[in-house]
Amino acid sequence: MTNLLNTTPGIADTRPAAASTKTVAVRARGLVKTYGSGPAAVKALDGADLVIHTGTFTAIMGPSGSGKSTLMHALAGLDVLDAGQVHIGDTDVTGLGERQRTLLRRDRFGFVFQSFNLLPALTAQENITLPLDLAGRRADPDWLARLVDTLGLRDRLGHRPSELSGGQQQRVAVARALVTRPEIVFADEPTGNLDTRHGQVLLSFLRDACDDLGQTIVMVTHDPLAAAHADRVVLLTDGRVIEEITDPTASAIADRMLQLDTDQHPNPHPRAGSGFGSGSGSIQEG
Ligand SMILES: Nc1ncnc2c1ncn2[C@@H]1O[C@H](COP(=O)(O)OP(=O)(O)OP(=O)(O)O)[C@@H](O)[C@H]1O
Ligand SMILES: [Mg+2]
């Protein structure tokens, strides 16, 4: 795959010296987040701890509903927590007010939402440059062009989100998160709607952003192949980080996820051998 980042003049110079010295980019301790109250309450985070070093690529994995998106929102200061602390570098995010958190996000983070969160009234191009427009900054035309072309959005720039496919909307959301060249990129299943080719291009792009720019990447994914681009995989279940896999391979990740699934749902086929449609499954005809 072409290295798309280190060919841009001047970009390599912006790599923080901290990237090689294991500075902490994100530190989360004892995060608790409950949605709802009473019998309907859901503890989405239940004492999650996590440390992410500057200039590393971390994949967050875990079963659906394990709290991955809630964790990402908490790390990026998008949500108020019940308990726990998040530090971004030396900044205690949990101690900041709404406005300060907004400024922190604007100046230092890029966030790809699982549900894209594009503004329906704006074109693709306007959505991409929105973070810069809000900050009163102008887009670097070379960088914008590189993002647009890499993500294959050139011929869709004048269209609104409702006129784009799911994968195209996702690529617009990714471009919007990267346009400011943020210190930390939080990406919640950024390849979830992409075909293989666009998925690969995006993953290589994120890998290069980490290696060449010293950017810190935190990515949620269900895909072991995608997670294998990361330096480590953090496994979440029931709102807690339960383990980490360093220098992960796709097969090691797949094996571990399968094991996790078996641990969580033991003996899923009690009448193995009775065959599909025999009436032993949980899906009833009716
Ligand atoms: N706004 C909300 N209101 C009520 N419950 C919520 C809300 N957001 C999340 N939850 C619940 O919190 C738990 C964790 O949700 P979260 O979205 O963080 O899971 P996830 O690991 O990202 O799942 P997925 O892989 O399906 O995206 C789930 O049980 C979910 O139903
Ligand atoms: Mg999610």
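Predicted model: local features only at pLDDT ≥ 70, side-chain atom pairs only at ≥ 80, totals over all residues.
The protein chain contains eight helices and 10 strands. Of its 286 residues, 38% count as buried. Among the contacts in the protein chain with a separation of 6 or more, 69% are accounted for by residues 24 or more positions apart.

One open sheet comprises six strands in the order S6-S7-S8-S3-S9-S10, with mixed pairing. Its edge strands are strand S6 (109-112) and S10, each of which pairs on one side only, and the twist from one strand to the next averages 15°. Within this sheet, strand S7 (residues 184-188) and S8 run parallel and are joined by five bridges, with Ile184 standing opposite Thr216 in S8. Strand S9 (residues 232-237) and strand S10 (residues 240-246), by contrast, pair in the antiparallel sense over six bridges, and Val233 of the former pair is found opposite Ile245 in S10. S9 and S10 form a hairpin with two residues between them, and in the turn Asp238 has a positive phi of about 50°.

A second open sheet has four strands, ordered S2-S1-S4-S5, and its pairing is antiparallel. S2 and strand S5 (91-92) are the edge strands, each pairing on one side only. Strand S1 (residues 24-35) and S2 are paired in the antiparallel sense over nine bridges, and Val32 stands opposite Asp46 in S2. Helix H1 packs on this sheet, where it touches S1, S2 and strand S4 (83-88), and the direction of H1 makes about 125° with that of S1.

The largest nonpolar core has 68 residues, and those with the most contacts inside it are Leu71, Leu75, Ala175, Phe186, Leu206 and Val218. Helix H6 (residues 196-213) gives the most to this core, with seven residues. For Val218, when residues up to four places away in sequence are not counted, the residues touched are Ile52, Thr58, Ile60, Met72, Leu75, Ile184 and Phe186. Two of the residues touched by Val218, Leu75 and Phe186, are themselves listed among those with the most contacts inside the core.

The shell around ligand 1 was examined next. Ligand 1 is surrounded by 13 residues, of which the closest are Tyr35, Ala44, Ser64, Ser69 and Thr70. By class, this shell has three nonpolar, nine polar and one charged residues. Strand S2 (42-53) and helix H1 (68-75) each supply at least two residues of the shell, and H1 gives the most, with three residues.

Asp223 was considered separately. This residue is placed in the loop between strand S8 (216-220) and helix H7 (224-227). Asp223 counts as partly exposed because it has 19 C-beta neighbours inside 10 Å, whereas a residue is counted as buried if 20 or more other C-beta atoms lie within 10 Å of its own. The C-alpha atom of Asp223 is separated by 9.9 Å from that of Met257, a residue 34 positions apart from Asp223 along the chain.

How values were computed
Residues numbered from 1 in each chain as written. Chains lettered and ligands numbered in written order. Buried ≥ 20, exposed ≤ 12 C-beta atoms within 10 Å, placed from the backbone. Near = placed C-beta within 6 Å. Nonpolar A, V, L, I, M, F, W, Y, C, P; charged D, E, K, R; others polar. Pairing = 2+ DSSP bridges. Contact = placed C-beta atoms within 7 Å. Axes fitted to C-alpha atoms, helices over the stretch in contact; angles between N-to-C directions. Core = buried A, V, L, I, M, F, W, Y, C linked by C-beta atoms within 7 Å.
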